[in-house]
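Please read the following points with the coordinates open beside you. They are arranged by topic, and each can be checked on its own.

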Amino acid sequence: MVWWGMSSYDSTTQLHFCEKGLKTSAKVYVDTVLEPVTKDLTTTLFQNQKWSFQQDSAPAHKVRL
């Protein structure tokens, strides 16, 4: 699985490759993508502007932790 972010500010994130064969549960998604990859996007990718986060409806994305 690969995670990638993009912005209308003409910038993108680095590609983030999740561990091969790892089943993506909500906890794994939070621990390996949301916390380490998206946490600092406000100051890096979006230059302190308002932004929204959009995901597909994969089961790991819909669980509330």
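1. K27 has a relative accessible area of 53%, and it counts as exposed because that value lies over the 50% limit. Its side chain meets that of D31 in a salt bridge, with a distance of 2.7 Å from N to O. D31 itself is partly exposed, because its relative accessibility is 41%. Please keep in mind throughout that the model is predicted.

2. Why are D31 and K27 separated by about one helical turn? The two residues are four apart in helix α1, and therefore about one helical turn lies between them. The structure holds one salt bridge, so the pair of D31 and K27, whose side chains meet within the 4 Å cut-off for such a bridge, accounts for that count.

3. P36 is found in α1 and is exposed, with a relative accessible area of 52%. When neighbours within four places in sequence are left aside, P36 is in contact with V30 and with D31, the latter being the residue whose side chain also meets that of K27 in the salt bridge.

4. V28, which is likewise found in helix α1, touches L22, K23 and V33 once residues up to four places away in sequence are not counted. The C-alpha atom of V28 is separated by 24 Å from that of T43, although the two residues are 15 apart along the chain. V33, in turn, touches W3, H16, C18, V28 and T38 under the same exclusion of residues up to four places away.

5. Is T38 buried or exposed? With a relative accessibility of 9%, T38 counts as buried, because this value is under the 20% limit.

6. The largest nonpolar core consists of nine residues, namely W3, C18, Y29, V33, V37, L41, L45, F46 and A60. Helix α1 supplies the largest share of this core, with three residues. As a general background to such a grouping, nonpolar side chains in soluble globular proteins tend to be buried together.

7. T13 is found in the loop between β3 and β4, and it counts as buried because its relative accessibility is 14%. Its side chain reaches the backbone nitrogen of G5 at a distance of 2.7 Å. Leaving aside neighbours within four places in sequence, T13 is in contact with W3, W4, G5, L41 and L45, and among these W3, L41 and L45 belong to the largest nonpolar core.

8. Which residues form a nonpolar patch on the surface? The patch is formed by V2, W4, M6, L15 and F17, which together have about 560 Å² of accessible area. L15 has its place in the loop between β3, residues 11–12, and β4, residues 16–17, whereas F17 lies in strand β4.

9. F17 counts as exposed, because its relative accessibility is 56%. Leaving aside its neighbours within four places in sequence, F17 is in contact with M1 and V2, and V2 is also one of the residues of the surface patch. F17 and P59 are 42 residues apart in sequence, while their C-alpha atoms are 19 Å apart in space.

10. For the chain as a whole, there are two helices and four strands, which run from the N terminus in the order β-β-β-β-α-α. The C-alpha trace spans about 35 × 25 × 20 Å along its principal axes. Of contacts between residues at least 6 apart in sequence, 48% join residues that are at least 24 apart.

11. The protein chain has 65 residues, of which 25% count as buried. It exposes about 5300 Å², and carbon and sulfur atoms supply 52% of this area.

Definitions and conventions
Residues are numbered from 1 along each chain as its sequence is written. This is a predicted model: local features need pLDDT of at least 70, side-chain atom pairs count only at pLDDT 80 or more; totals for chains, interfaces and linings use all residues. Side-chain values use heavy atoms; hydrogens and water are left out. Patches are made of residues with over 30% relative accessible area and no salt bridge: like charges are joined within 9 Å, nonpolar side chains (Val, Leu, Ile, Met, Phe, Trp, Tyr) within 5 Å. Accessible areas come from the Shrake-Rupley method with a 1.4 Å probe; for residues, only the protein chains shown count as cover. Buried means under 20% relative accessible area, exposed over 50%, partly exposed in between (1.4 Å probe, protein chains only). A polar contact is a pair of N or O atoms within 3.5 Å; within protein, one must be able to donate a hydrogen and the other to accept it, and residues adjacent in sequence count only if both atoms are side-chain atoms. Contact means heavy atoms within 4.5 Å. A nonpolar core is a set of buried Ala, Val, Leu, Ile, Met, Phe, Trp, Tyr and Cys residues joined through side-chain atoms within 4.5 Å.
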